[in-house]
Amino acid sequence: MEPVIQVKHLKKYFPIKGLFFTKGHVKAVDDISFEIYKGETFGLVGESGCGKTTTGRTILRLIEPTAGEIIFEGKNVMKFSKEEMKEFRRKAQIMFQDPYSSLNPRQTVFDIIMEPVKFHGIEVDDPEEFVVKLLESVGLNEMHLYRYPHEFSGGQRQRIALARLMALKPQFIVLDEPTSALDVSVQANILNTLKDLQSEYGFTYLFISHDLGVVKYMSHRIGVMYLGKLVEIGPSDRIFENPLHPYTQMLLSAIPVPDPELAQELKAKRKMVKGEPPSPINPPTGCRFHPRCPFAKEICKKEEPPLVKVEENHYVACWLYAKS
Amino acid sequence: MQEEYKKGILDRLADKFVYALGSFISLFKKGWKEKNKSKMEEWRLMLYALNRSPPALIGLVLVIGFIFLGIFGPHLAPWKYNYFPSLENWTVQYPAPPGTSVYLPYSHKTITYPLGSDNYGRDLLSMLLHGARTSFVISIIVIFLGVPLGIILGLIAGYHGGKIDELIMRITDMFLAFPALILAIALSAVLPQRLQMFVQSHVVLEKLTLLLFALDRREVGNLGNLLSVIFAMIIVWWPAYARITRGSTLTEKEKLYIEAARAIGLSSRTIMFKHILPNIIGPILVYITLDFGGVILMEAGLSFLGLGATPPIADWGRIVYDGIQYFPRAWWLIFYPGLLVMLVALGWNLLGDGFRDILDPKTRRSIEFKVKKSEEAESNV
């Protein structure tokens, strides 16, 4: 199958500015590679501050990457001309976490949705009818056409943001924790809308979240990030049934379960991992997880583990599975 | 206890006004009224907020009065500002006190001074009315040229950041480093001759200036001074706006809807003027309103120091300056122009303070809540 987007050795370092010169770098994303195929949802999980959001934004060139290649439909995004970039902006879109600040408070819903359409010169016979159709497809209606964002709830705003994306008929959408600011019932609603739209229009999603349950529900494949590195990539069900990397195991054991006996067992597992994630300014040498890993060996401190194939489509970066 | 909200006459007037405005715009843009219900509702609430604030209303009345005088003053004035009765009848001791009547033997007219006269026998009332136009036009030109300059530079500096930001803001700092009045004095002392030559070599500009200030053709030679004050004040005025705009832009550009606009691919110009500017304009509008008073004060101050408008052009600050040597006998030469300057500056300041509350969405929400409650109560009865 043809990948829609390919990320190769992507790096993003944020400089820390001192008085006169740069003091160091925050290595938000450090050499990650993956690809996303047409019509699938690729979930990106990890703790806060591990570089998930930066990855999503760098792929869309909302933040310029430090190094690496982004291949969109076979072409390098970094080398796009002005026209190609405009086309890319239409085809690749992003949905944000916070619905309260992602809509311009001074524009009506109609203007919010029509602005990208007008900018990209998409021909529409009757703008009003066009916008109403879009609103209906995300579960809003005609009544909301000329209202301002402050008149809507969080869930409704997120739907307006979704309608804005869909107006451009993008092929690839980065969903940057689209539901984490919403309550559970609204979350389910939005997630189902996203799924329906995907099966209807064949959208490709990069789904960024720290909520494992949501990621499991949404994604076909999952990538687990730790301190700017991808530590494990695999099909959604395999990751949940057979997590290979100790960090993935730790993450999964942190999901609350309603069964008290099972909960006890998981608690014991959770205790194996100690401490907080270290600072991305000065990440540990070798495997970045080694100071917290219960299985850490001598080699883990010295050399970075390569990403190795363990089973079909399932890769992990850990010395437990790789040969040195 | 929640305060009950009762609709007063002013509120009903506000309802009618907003409705009429909506209908008026609908004449040109079909269906505008139906599409912009939310906007009109906001306007209505803003007017309600205005009605709740007596100082702002007083300010509004003063400001409307000033604008009215500024536009129609020279036409309302019974005498021309450059008509000198002392040339016809030198037996009277000028400045003549309020209420004096003087017979003018050559033109066979009697001139009555309701507010007194100056040392040339000019009617003070007429001079004040002409002076209103001078202040009004100067304040408008300074604000309308100086403020956009500051806003545009501030937006560019704040949005682009980095080297551009450094460059623009350091230049701004250079201007801010001088005390405003000193800089204005220096500029209006240096500029007049050059501006005079410039104006006289451009006929259209010359005619336009004369028309704006409602001046006679023979005042052409005095335009340089008038324009130099305007120019000096524009130079003094923009840096403050560049700074506040940059500050608000810095916070606003971090909001997600700006990033969404960038993800759509919009140019930075569109983002700056269509997305950032409308969202930061509120505090700037308050500042502008306050500054109308500020410009008038400073202009009066400069002409009091002998810069700017030269006699016989009528100007409030200048009248005080020329009247000083007759104080305290001719108190009216100081009192009336001083009172006018004070009232106008006070009016703009009260209005500006009122705007601060009116433009605050929180005030509007609380009024909206009370209005809805009282409307429900009404419909239940």
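**View 1. The hairpin of β11(A) and β12(A) has two residues between its strands, and A:N313 in the turn has a positive phi of about 65 degrees.** Strand β11 (residues 307-311) of chain A and strand β12 (residues 314-317) of chain A run antiparallel and are joined by four bridges. Strands count as paired if DSSP finds at least two bridges between them. Strands (E, at least two residues) and helices (H or I, at least four residues) are DSSP runs, numbered from the N terminus.

The model in every view is predicted: local features need pLDDT of at least 70, side-chain atom pairs count only at pLDDT 80 or more, and totals for chains, interfaces and linings use all residues. Residues are numbered from 1 along each chain as its sequence is written, while chains are lettered from A and ligands numbered from 1 in the order in which they are written.

**View 2. An open sheet of four strands in chain A has the order β2-β1-β4-β5, with antiparallel pairing.** The edges are β2 (22-37) and β5 (75-76) of chain A; each has a single partner strand, so one side of each has no neighbour in the sheet. Strand β4 (residues 67-72) of chain A runs antiparallel to β5(A), and two bridges join them. A:F72 lies opposite A:K75 in β5(A). Strands of a sheet pair through backbone hydrogen bonds, either parallel or antiparallel.

**View 3. A:V29 lies in strand β2 of chain A.** A:V29 counts as buried because it has 32 C-beta neighbours inside 10 Å. The cut-offs for this term are 20 or more other C-beta atoms within 10 Å for buried, 12 or fewer for exposed, and partly exposed in between, with C-beta atoms placed from the backbone. Apart from neighbours within four places in sequence, A:V29 is in contact with A:L10, A:K11, A:K12, A:G51, A:T54, A:T55, A:T58 and A:G228. Contact between two residues requires that their C-beta atoms, placed from the backbone, lie within 7 Å. The C-alpha atom of A:V29 is separated by 38 Å from that of A:E136, 107 residues apart along the chain.

**View 4. Helix α5 (residues 154-166) and helix α6 (residues 184-201) of chain A pack at an angle of about 15 degrees, with their axes 10 Å apart.** The two helices, α5(A) and α6(A), are therefore roughly parallel to each other. Angles under 35 degrees count as roughly parallel, over 145 as roughly antiparallel, 65 to 115 as roughly perpendicular, and the rest as oblique. Axes are lines fitted to C-alpha atoms, for helices over the stretch in contact, and the angles run from 0 to 180 degrees between N-to-C directions. The crossing of α5(A) past α6(A) is right-handed. On α5(A) the contact is made by A:G155, A:Q158, A:L162 and A:M166, and on α6(A) by A:V186, A:N189, A:I190, A:T193 and A:L197. This contact of α5(A) with α6(A) has five nonpolar, four polar and no charged residues. Ala, Val, Leu, Ile, Met, Phe, Trp, Tyr, Cys and Pro count as nonpolar, Asp, Glu, Lys and Arg as charged, and the others, Gly among them, as polar.

**View 5. The axes of α4(B) and α14(B) come within 7 Å and cross at roughly 135 degrees.** Helices α4(B) and α14(B) are therefore oblique to each other. Their crossing is left-handed; a crossing has this hand if the near helix is turned anticlockwise from the far one by less than a right angle, and is right-handed if clockwise. Residues of α4(B) in the contact include B:P55, B:I58 and B:F66, and those of α14(B) include B:L343, B:W348 and B:D353. By class, the contact of α4(B) with α14(B) has 13 nonpolar, three polar and one charged residues.

**View 6. Two peptide bonds of chain B are shown, from B:Y94 to B:P95 and from B:F327 to B:P328.** The bond from B:Y94 to B:P95 is cis, with omega near -5 degrees, and B:P95 is in the loop between α4 (54-76) and β1 (101-104) of chain B. The bond from B:F327 to B:P328 is also cis, with omega near 0 degrees. B:P328 is in the loop between α13 (316-323) and α14 (332-358) of chain B.
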